[in-house]
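Subject: Structure for you to look at

Hi,

Could you open it alongside the text and follow the residues as you read?

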Amino acid sequence: MRLVLFGPPGAGKGTQAKRLEELLKVPQLSTGDMLRAAKREGTELGKTAAEYMDAGKLVPDEVVVGLIEQRIQQPDCADGFMLDGFPRTIPQADALDAMLDKAGQKIEHVVSIEVPDDNIVQRLSNRRSCPACGAVYHLVHVPPAVDNTCDKCGHVGLDQRDDDQPDAIRVRLKAFHDQTSPLKALYDERGILHRVDGTSSPEEVFARIQGALGAGA
Ligand code: AP5
């Protein structure tokens, strides 16, 4: 299955992608994770991306298109993949269509996780993640069992993302509404858009996504 997880910053795309990876047996391809890895490694690409990401702005299309083009050619993507945070602009969606066309493939489902802006600010300011294994927590809704300690790998010390600050969150939401949300109409016209209410618990949202995809547990 080839699908796109779509939604505003903090909608829960990453949270649901981890669950869907196990259910659907396809890899999660997160451009945000790829860019943050490049930033940590201090590569030229990472340094360029950091200037945009820390301010909450979108990284230039050619940078992320290049990353995805290389990634979907890897063997683990042969039977499908799940895009998380890509495409985010009309030119990115066009580039994705072109690269899939060449291989005789297409996106089959786009799951739009819908969460109002007010919830987003609350979610992102309380997000913490494990720098060792990448597990994501929410201080109120998805807290670790032991304060400041990762449940999955035991690492002590959970991080807050540089772009989860109020000013950057506002810029990210504006970028979503101005540049990304128009993609919904494009996928709706193709009959592959599933709108899912993302405001309840992660478990309930997951059940809704399974229902939308017709994928059993
Ligand atoms: P990216 O990493 O893709 O960030 P994002 O889209 O802003 O999304 P987030 O990762 O912030 O949120 P999420 O939807 O995954 O939510 P999560 O599951 O973590 O991109 C970062 C930056 O990279 C961009 O701003 C841009 O600069 C650049 N970039 C990336 N891709 C790009 C592209 N294609 N083009 C150009 N630039 C690009 O959940 C959030 C919080 O809520 C967590 O604390 C979680 O525990 C909690 N939570 C999740 N679900 C629930 C629930 N149901 N109820 C309560 N809490 C919940």
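Predicted model: local features only at pLDDT ≥ 70, side-chain atom pairs only at ≥ 80, totals over all residues.

A polar contact here is a pair of N or O atoms within 3.5 Å; inside the protein, one of the two must be able to donate a hydrogen and the other to accept it.

Asn126 sits in the loop between α6 and β5. Leaving aside residues up to four places away in sequence, Asn126 touches Tyr137, His138, Leu139 and Val140.

Which residues of α6 are buried? In this helix, residues 117-125, they are Ile120, Arg123 and Leu124. Viewed down the axis of α6, these residues fall within an arc of 90°, so they line one face of the helix. The buried residues of α6 pack against β5 (127-129), β6 (136-138) and α7 (166-180). Asn119 is also part of α6, but this residue is partly exposed because its relative accessible area is 29%, between the 20% and 50% cut-offs. The C-alpha atom of Asn119 is 7.9 Å from that of Thr199, although the two residues are 80 apart along the chain.

Now the ligand. It is surrounded by 37 residues, and the closest are Thr15, Lys57, Arg88, Arg127 and Arg172. By class, this shell has 15 nonpolar, 13 polar and nine charged residues. Where do they come from? At least two residues each are supplied by α1 (13-24), α2 (31-41), α6, β6 and α9 (202-213), and α2 gives the most, with four.

Some backbone atoms reach the ligand too:
- Lys57 has a backbone N or O atom 2.6 Å from a ligand oxygen.
- Ser200 has a backbone N or O atom 2.7 Å from a ligand nitrogen.
- Ala11 has a polar backbone atom 3.2 Å from a ligand oxygen.

On its own the ligand has 1000 Å² of accessible area, and the protein covers 97% of it.

Back to α2, where Thr31, Gly32, Leu35, Arg36, Ala37 and Ala38 are buried. Their cover includes β2 (28-30), α3 (44-55), α4 (61-71) and β3 (81-84). Just after α2, Gly42 takes a positive phi of about 70°.

Finally, some backbone details to check on your screen. Most residues other than glycine have a negative phi, and most peptide bonds are trans. The bond from Phe86 to Pro87, however, is cis, with omega near 0°; Pro87 lies in the loop between β3 and α5. Both Phe86 and Pro87 are among the residues that Gln92 touches. Gln92 belongs to α5 (residues 90-102) and counts as buried because its relative accessibility is 3%.

Lys25 has a positive phi of about 60° without being a glycine. This lysine is in the loop between α1 and β2, and is exposed, with a relative accessible area of 68%. Asn148 also has a positive phi, near 65°. Asn148 is placed in the loop between β6 and α7 and is partly exposed, at 37% relative accessibility.

Happy to go through any of this with you.

Best wishes

Conventions. Residues numbered from 1 in each chain as written. Heavy atoms only, no water. Buried < 20%, exposed > 50% of the residue type's maximum accessible area, 1.4 Å probe, protein only. Arc of directions from axis to C-beta. Contact = heavy atoms within 4.5 Å. Near = heavy atom within 4 Å. Polar contact = N/O pair within 3.5 Å; in protein donor to acceptor, adjacent residues only side chain to side chain. Areas by Shrake-Rupley, 256 points an atom, 1.4 Å probe, with all protein chains shown as cover. Nonpolar A, V, L, I, M, F, W, Y, C, P; charged D, E, K, R; others polar.
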